[in-house]
Amino acid sequence: MYARERADVAEPIVSISEKLARERRARLAAERLLEQKKRELYAANTQLSRHARALSDQIVVQRQEAESLKGRTVQVLHDLERVTSQAELAERRLWEAIETIEDGFAVFDGEARLVSANQAYLALFGAGGVRLGDSYFRVLEVLSQGIADLAREDAQDWQHEMTTRLGRDVIEPKVVRLADGRHIRFHDRRGEVGDLVSMAQDITAAMEREAELEEARAKAEAASRAKSAFLANMSHEIRTPMNGVVGMAELLCETALTEEQRLFAETIRSSGEALLVIINDVLDYSKIEAEKMRLYPEPFDLERCLHEVMLLLQPLAREKGLRLVVDFDIFLPTRFIADPGRMRQILTNLIGNAVKFTPAGHVLARVVGLELAGGDYELHVTVEDTGIGIAPDQIEHIFGEFNQVEDQSNRKFEGTGLGLAITRQLVGLMGGAIWVESEVGHGSCFGFRLVLSPAEHTAAGTGPERPVLLKNALIVDEILINRVILQRQLETYGLAVSSCRNATEALAALPVQGPFDVILVDQDMPATDGPDLAAALRMVGDAAPILFLSSEPDSLADRRCDATSVLAKPILRSQLLRVLQDLSYPKSRLPAPAEPSAPEAAAGRPMRVLAAEDNRTNQLVFRKMVADCDMELQFAGNGREAVELWRSFRPDLVFMDISMPEMDGREAARAIRAAEASSGLSRVPIVALTAHAMDADRVSILEAGIDHYLTKPLKKAEIVAKIAAFCPGDARTAVPPAAGTVPA
Ligand code: ADP
C-alpha cells in the first residue's frame with residue numbers, strides 16, 4: 001500500500017526524469033550509432049576511393065594497351081596492304097609473262113574448273129569455246145567437237161582416254177592433232193593443292209622438221225644402201241677382170257721368159273694384187289662406215305695366225321734385212337674365240353706398217369695376257385719396230401681416214417691411209433682399244449688390248465702330251481731378243497739352255513758345257529753362218545741334232561748342210577714343240593707311215609671336177625691353173641648347165657662361180673642340194689668362186705648349201721689345195737706331190 005502511495009505521489013517526477021534520462025540515453029545511443037555509422041561510412045568511403053583509384057589506374061593501363069594495339073593493327077593493315085599489292089603485282093607480272101608466251105597455259109582447280117588461262121590457251125578452242133569457270137570435261141568436249149582431228153576415233157572414247165590419263169601418277173604428255181593441221185602437245189601436272197596446271201605447246205614446226213629429217217634420213221639410208229650395193233657391184237666388176245689379169249700374170253711367170261719379160265709379168269701380177277688390196281681397204285672402210293661390218297667369231301689359233309702373218313711379210317722383211325720376231329707369252333693358251341679373218345687383218349695392218357716404215361732393225365710382235373676371274377683372257381698385243389717413227393703432232397691423226405704422215409721421210413711409202421682407221425674400228429668392234437707410242441727416228445710401238453674367251457678350257461701352260469725328253473740345248477744366234485725368247489720357250493719344256501752369239505762362242509762352249517741334246521742355230525749369222533757352223537760341229541765330232549732357224553728356209557735347199565730340221569722364223573711354239581718331241585722319240589721307234597707305191601698311186605679312175613664359170617677368160621685361167629692336176633674337168637657356162645652337168649657327169653667336186661647369167665651359183669647350189677636330198681645321194685663338196693667380198697654374200701653363199709668359198713682373183717695354190725683335199729679315195733691322186741703342199 002505504501003509503495004502504491006508513494007508511487008501515487010512520486011510518479012510524475014520519476015517519469016519526467018526517467019523520460020529525460022531515457023531520452024538522454026537514447027540520444028547518446030543515437031549519437032554513438034551515428035558515430036558508428038560515420039566511421040563505417042568513412043571506411044566505406046575510403047575503400048571506395050581506393051577502388052576508384054585502382055580502377056582509374058587500370059583504365060589508364062588498358063587505354064594505353066588499347067592505344068598500342070591500335071597502333072599495331074594499323075601497322076599490320078599497312079603491311080597487309082603492301083603485301084597484297086606486291087602479290088597483285090607479282091601475279092599481274094606472271095600473267096603478263098604467261099600471256100606473252102606463245103604456248104597455251106591454264107590452271108584448273110581441285111574440282112577441275114578452269115580458274116585461269118592465257119589467251120593462247122583459250123584461242124585453241126575458237127571464239128567463245130571455253131570460258132573461265134568451265135570444267136576440264138567441257139574443254140575436252142569442245143576439243144572433240146571438230147577442233148581436234150580424232151581420225152576415226154570415237155569422241156566419247158577419246159574423252160574417256162584423256163580423262164583417265166589425268167588420274168595417273170605421272171601424266172604423260174599427249175599430242176593432239178587439230179583439224180587445222182597443227183599439232184598441240186598437252187603437258188599436264190598436278191599441283192600440291194590438287195590444282196591441274198596445263199600447258200598446250202604448238203609443236204607443228206618441230207613435227208614438220210622431224211618429218212623432213214625422217215625423209216632426209218630415209219633418203220640418206222637409201223643412198224647408203226645404193227652406195228653399198230654399188231661398192232659390192234664394183235668389187236665384183238673389178239675383181240672379175242682382175243682375176244684374168246692376176247691369174248694370167250701368175251701363169252705367165254711360170255713359163256720360160258726373158259729377164260725383161262719376167263719383170264713385166266711380175267709387175268703386172270704385183271700391181272694387180274696391190275690394186276686388190278686397195279679395193280679391199282675401200283670396201284672394208286665403207287662397210288664399217290655404213291655399220292655393215294659384222295664379226296664372225298669362231299675358235300682359232302692366235303699364235304698361228306700371228307705366225308702366218310709374219311710368214312707372209314717375211315719376204316718383204318728379208319729384202320730389207322729386217323728381223324721379224326714373235327714373242328707369244330708361254331703361259332697363255334693359243335686358241336681363242338674371235339673373228340680370225342679380222343684378227344689377221346688387224347695384225348697384217350700393224351705388222352705390215354711396221355715392216356713398211358722400218359728401214360733397218362727388227363719388228364717384234366708380242367702377245368702377253370692374264371686370265372680374268374670369269375676364265376676369259378685380257379690380251380695385250382704389241383707390234384714394236386725400230387723404224388722412222390711418228391712425230392708427236394702427227395700421232396693423233398694417223399688413226400683418221402686417208403691420213404698419212406706428210407713429210408719428206410715417208411713420201412716414198414705407198415698406201416691408202418685407211419689401214420689404221422680400219423684397224424682401230426675393227427679393234428673397237430671386238431670391244432678393245434688401240435694405242436701407239438712413237439719416237440721419231442727410233443721407232444713405234446702400236447698396241448691393242450682385247451678380252452677374248454679361250455677356245456678350249458685347257459689350262460694354260462699345260463705340258464705336252466708327249467713329254468720332251470731332251471735335257472739340254474745350245475742356242476746360237478746373234479740377236480739377243482731371239483735368244484731370250486727361244487730360251488724361255490725351251491725352258492718351259494724342261495731343257496737347260498746355254499746361249500752363244502756366234503760360231504766361235506759355240507765351238508768354245510761345246511767342250512765346257514756340252515754335250516747337248518740339241519743345238520739350235522740361226523741360219524743367217526754374219527761371220528760363220530748356220531750351215532758352216534753345222535759343218536764345223538760335225539768336224540769336231542759333235543753329233544747332236546741341229547735345228548736351223550731360218551727366215552728363208554728355201555735358200556737352204558741349194559746348200560749341202562747337215563741340219564736335222566729347219567724351223568721357219570718367227571718360230572711357232574707348237575712347231576718347235578713338235579720337233580723337240582720328234583727328237584725325243586727317234587723315228588725308228590715309231591711305225592713308218594705307209595708310202596703308197598708308184599703303181600698303186602696311178603691306179604683308179606680320174607677325179608671328176610666341175611667348174612661353173614660364165615666368163616671365158618676366167619675359164620681359161622682356171623683351166624691353166626689346174627693343168628698339172630690329173631683329173632677330168634668340165635665347164636658349165638651358167639647355173640642351169642651346172643645342175644645338168646652335175647646329173648650327167650657326177651663330179652667329185654664343184655667349183656661354182658656365184659654371179660652367172662640365167663641361174664646364179666646360189667640357185668644352182670640349192671637345186672643340187674635339193675636333188676641330192678630327194679634322191680638320197682651324198683653331198684658333193686661345192687666351193688664358191690666369188691668376186692664378192694661383202695659379208696652378206698658370205699652368209700647367203702653358205703646358206704645356199706655351199707661348203708667353202710674362194711675369193712677372186714683365184715690363186716693357183718688355193719684351187720689346187722681344194723682339189724687335193726677333196727680327191728675321193730677311189731680316184732687317182734689328182735694333185736702331183738710337189739703341187740699339193742699348200743694347206744687347204
Ligand atoms: P697407209 O696405207 O698409208 O699405211 P695407215 O692408216 O696404215 O695407212 O697408216 C697411216 C699413216 O700412219 C702411215 O701413212 C704412216 O705415215 C703412219 N704409220 C703407220 N704405222 C707406222 C709405223 N709403224 N711407223 C711409222 N709410221 C707409221
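Which residues form a nonpolar patch on the surface, and with about how much accessible area together? In this predicted model, where local features need pLDDT of at least 70, side-chain atom pairs count only at pLDDT 80 or more, and totals for chains, interfaces and linings use all residues, the patch consists of Leu275, Ile278 and Val282, which together have about 210 Å² of accessible area. Residues are numbered from 1 along each chain as its sequence is written, and side-chain values use heavy atoms, with hydrogens and water left out. Patches are made of residues with over 30% relative accessible area and no salt bridge, like charges being joined within 9 Å and nonpolar side chains (Val, Leu, Ile, Met, Phe, Trp, Tyr) within 5 Å; accessible areas come from the Shrake-Rupley method with a 1.4 Å probe, and for residues only the protein chains shown count as cover. Leucine 275 is placed in helix H6 (residues 259-289) and, at 37% relative accessibility, counts as partly exposed, a class that falls between buried (under 20% relative accessible area) and exposed (over 50%), with a 1.4 Å probe and protein chains only.

The secondary structure of the chain comprises 20 helices and 22 strands, taken as DSSP runs numbered from the N terminus (helices H or I, at least four residues; strands E, at least two). Of the 744 residues, 40% count as buried, and the accessible surface of the chain comes to about 41500 Å², 55% of it belonging to carbon and sulfur atoms. Among contacts (heavy atoms within 4.5 Å) with a separation of 6 or more, 64% are accounted for by residues 24 or more positions apart.

Strand S18 (residues 607-612) has 5 of its 6 residues buried and is therefore largely enclosed by the rest of the structure. Strands are taken to pair if DSSP finds at least two bridges between them; S18 is joined by 6 bridges to the parallel strand S19 (residues 631-636) and by 4 bridges to S20 (residues 653-657), which also runs parallel to S18. Alanine 611 has phenylalanine 635 as its bridge partner in S19 and phenylalanine 655 as its bridge partner in S20. Together with helix H16 (residues 616-625), S18 and S19 make a right-handed β-α-β unit, in the sense that, with the strands pointing away from the viewer, the path from the first strand over the helix to the second runs clockwise. Strand S7 (residues 323-328) is likewise mostly covered, with 5 of its 6 residues buried, and 6 bridges join S7 to the parallel strand S9 (residues 362-371), where valine 367 is the bridge partner of phenylalanine 328.

Threonine 423, in helix H10 (residues 419-429), is buried, with a relative accessible area of 0%. Apart from neighbours within four places in sequence, threonine 423 is in contact with Ile346, Asn349, Leu350 and Ile434.

The structure holds 31 salt bridges, each defined by a side-chain nitrogen of Lys or Arg within 4 Å of a carboxyl oxygen of Asp or Glu. Arginine 22 and glutamate 18 meet in one of them (3.5 Å, N to O); being 4 residues apart in helix H1 (residues 2-100), these two residues are separated by about one helical turn, and both arginine 22, at 45%, and glutamate 18, at 41%, are partly exposed. In helix H18 (residues 665-679), glutamate 676 and arginine 673 lie 3 residues apart and form a salt bridge whose closest N and O atoms are 2.9 Å apart. Glutamate 676 is buried at 2% relative accessibility, as is arginine 673 at 11%. A network of salt bridges links Glu266, Arg269, Glu273 and Lys715.
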